[in-house]
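Welcome! Let's walk through this model together, one question at a time.

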Amino acid sequence: MAISEMEENLKILDLENALEDCNVNEIFSICQGKPIPETIRPEVWKVFLDVRNKSDQLLMFNEVFDLPSQKILREDVNKIVEKIGNDDEQKVSVKSDLESILTFYSKNRKIQYVEENGWVELLLPLLSLKLKRSDTYNLFESIREYIPNRGNVFHVFRLLLLYHDPSLCSFLDTKKISPEQYSTKWFQSLFASSCELSVILSMWDLYFQSSDPFLLFFLSLIILINGREHILAMTGSQEEIVTFLSNMPCALEVDDVVDFCSLAQYYSQNTPSSFKAEYMKTLFGMHIEFSEKCLVSQALCLPATVYELVENSTIELSSADSVRFFLVDCRPAHQYNAGHLSTAFHLDCDLMLEEPVAFQTAVQGLLRAQRMAIEINSNAGGEHLCFMGSGRDDEDQYTHMVVSSFLQRNIQYVSLLSGGYKAIHDYFGEHMIDCLEDHDAKKCLVCQRAVFTKQEPSSSKLLHSSTKPSSDFFSKLKERSAEVKVKLLDIIVNPNVAHSSSDQQQPILKKSLTQWKPNVFSIDDDEEHINGEVDDPDYTEEHPKDIVNLKQYVKSLGIHKDFKCQEVHMNGYMYDSNLIITESDLIVLRDLEKGQAQIIVKRPLTSIAKITAKKRHKELITFKYGYTEGEKHIITDMDRFLIPNAIEATNLVRQHIGQLSDDYSLPSSTVVTASIASTNVDDIDS
């Protein structure tokens, strides 16, 4: 027996055992991003799509075929089935199952069937699994959750193409070819209408493992980028180009699928993840407001959020495919001088109209500064250009002109900060004086507008807190800001001077159970050294803000408890979330649409220094993180939640911290820190 065949048999045996034990985590671990063996594919898909224990919904079907579009549905079914090579008896059975399932789905979900909407093609691969009709229906219903709403999907796809391959996007725009013309069938059938059955089954194996509905966009993106040289060389008519583009997935073979999906995952990781949260409701929500549709269709480029901008500046530079931003502040000089992030490069948008020559010089300086910041591994440098306006619509039209000029140059990785400077201002809230360079409340337009309006946000969205984070939380920001500013100025003024990256290279930060690096918005880590460090390669304080299927993610962890709560942001805004407590970590998942959630943060329980509660609001729990310095406990970061079952949650955290203290035989100073976390649960935070 060949080694590959033996490995396949062992894999099947392992999966069968995992399925028998209902061990979801082990099933994902065994699959490891590879196609599923044909014999157990149906059962594994049921796990991936969370339908294994679903009831037979077709029992509610009265077998009455009276949809307004029943004739159209039947014609589509007949048309598709006649193309497959089954005998007449099999065709009758397939037609019957297709029409029954689609008719009931249309009635049950109150969605009108539309001609050639991809439902038939989406269902055919499921029929090939030869499952019970009820299981086939449940799988189909779950897979439909992966199909984005028609309309906005093509605007978002174009923005992704513009972000990663502006030259190709510009070529198609010039030919007046929109994504809707060639990719409609890709999106509405998950490529089932374009690829061979064997390819679809293997592709769906990997797609469902990812639990990310946005992966479809990146699979489609890879199709285009893979054929970009041929596309750019085409000189035929618009119709000929559209036909070629539409048929590109047909060339995929089974052996290509793993590489195809791996490339899609890579491009996904190399894209600002906040666009998923921004567009989740628009693309996968049931009820879309007209204003949301307009927001997507009128978008100049891909959006990025303040949260991702700030958080990504604190992560290590070890991952080549992580998104690192180079922030470009396009506000007029008087606004910039009244407050700005010191990591931002100032490109005055007024120059574009008033002094075009000076503007072009500034652009060259910007691109040179970006290159050098990347070379010296500065936290202020990254390949991804993020442009920022004021956040005021009447002024940001000039910022949009600046962004357009970069897009016209076919520059990759161009995004626009959602909310502009106002969003940054609001993000830091009362700590802006520690986080913004040269902030002058008397000249800052955001501060002045707040003074004049004096409008309090709705109590349902805001929760004001008198508790301020320790001043150490932001203490290192200003001293690092000055270093970054000097480096960028030196790069611009002395572009020909060699800037050695060896001296500027960040140390590899390691973690121990006795000390933790303060989680601040750091600009540069050149001076950051942590004593007494030990290797802990599995430690990850901040995870990428991935979008996950909530149920599947929870099942994949060794979870003891999942607490519904509201995450209370520093500025008071509240978000519906899930607080997950494992034996070693505290994980926050923010609720999105359709059972999806965004991983906001993952904290080791051992980094918790103190847990406090409000006297009048005992459900309002604050987790404070830090380390010990002699007998002093340094608080470096904090999370706040409104937890209905606060006592149960804090007791569970205390229990796990105590266990970790015993397991790792922590020294006395650290045990004190763990003890603080357990004995101060009921402390009153004034």
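Two strands count as paired if DSSP finds at least two bridges between them, and helices (H or I, at least four residues) and strands (E, at least two) are DSSP runs, numbered from the N terminus. This is a predicted model, in which local features need pLDDT of at least 70 and side-chain atom pairs count only at pLDDT 80 or more, while totals for chains, interfaces and linings use all residues. Residues are numbered from 1 along each chain as its sequence is written, and side-chain values use heavy atoms, with hydrogens and water left out.

Q: In strand 10, which residue is the bridge partner of Leu589?
A: Strand 9 (residues 585–591) and strand 10 run antiparallel and are joined by seven bridges. They form a hairpin with four residues between them, and Lys594 in the turn has a positive phi of about 55 degrees. Within strand 10, Leu589 finds its bridge partner in Ile599.

Q: Which residue of strand 10 is the bridge partner of Asn549?
A: Strand 10 also pairs with strand 6 (residues 547–549), in the antiparallel sense and over three bridges. The strand 10 partner of Asn549 is Gln596.

Q: How many of the nine residues of strand 10 are buried?
A: Buried means under 20% relative accessible area, exposed means over 50%, and partly exposed lies in between (1.4 Å probe, protein chains only). Strand 10 (residues 596–604) is largely enclosed by the rest of the structure, because its buried residues number nine of the nine.

Q: In what order do the five strands of the open sheet lie?
A: The pairing in this sheet is parallel. Its edge strands, each pairing on one side only, are strand 1 (302–304) and strand 3 (345–346). Strand 3 is joined to strand 2 (residues 325–329) by two bridges, with Phe345 as the bridge partner of Val328. The order is 1-5-4-2-3.

Q: Which residues does Leu366 touch, not counting residues up to four places away in sequence?
A: Leu366 is in helix 21 (residues 356–375) and counts as buried at 0% relative accessibility. Leu366 and Leu347 are 19 residues apart in sequence and 7.9 Å apart in space, C-alpha to C-alpha. With contact meaning heavy atoms within 4.5 Å, Leu366 touches Phe326, Val328, Phe345, Leu347, Leu385 and Phe406.

Q: How many aromatic pairs does the model contain?
A: Rings of Phe, Tyr and Trp (its six-membered ring) pair if their centres lie within 6.5 Å; planes under 30 degrees apart count as stacked, over 60 as edge-to-face and the rest as tilted. By this rule, the number of aromatic pairs is 30.

Q: Why is the pair of Phe61 and Phe104 tilted?
A: Phe61, in the loop between helix 3 (41–48) and helix 4 (70–81), and Phe104, in helix 5 (residues 88–108), are 43 residues apart. Both are buried. Their ring centres are 5.7 Å apart, and the pair is tilted because the planes stand at 50 degrees.

Q: At what angle are the planes of Phe214 and Phe284?
A: Phe214 lies in the loop between helix 11 (197–210) and helix 12 (215–226) and Phe284 in helix 16 (residues 274–284), so the pair ties together parts 70 residues apart in sequence. Both residues are buried. The centres are 5.4 Å apart, and the pair is edge-to-face because the planes are at 75 degrees.

Q: How far is Arg331 from the ring centre of Tyr421?
A: A charge sits over a ring if NZ of Lys or CZ of Arg is within 6 Å of the ring centre and within 35 degrees of the ring normal. Arg331 lies over the face of Tyr421, and its distance from the ring centre is 3.8 Å.
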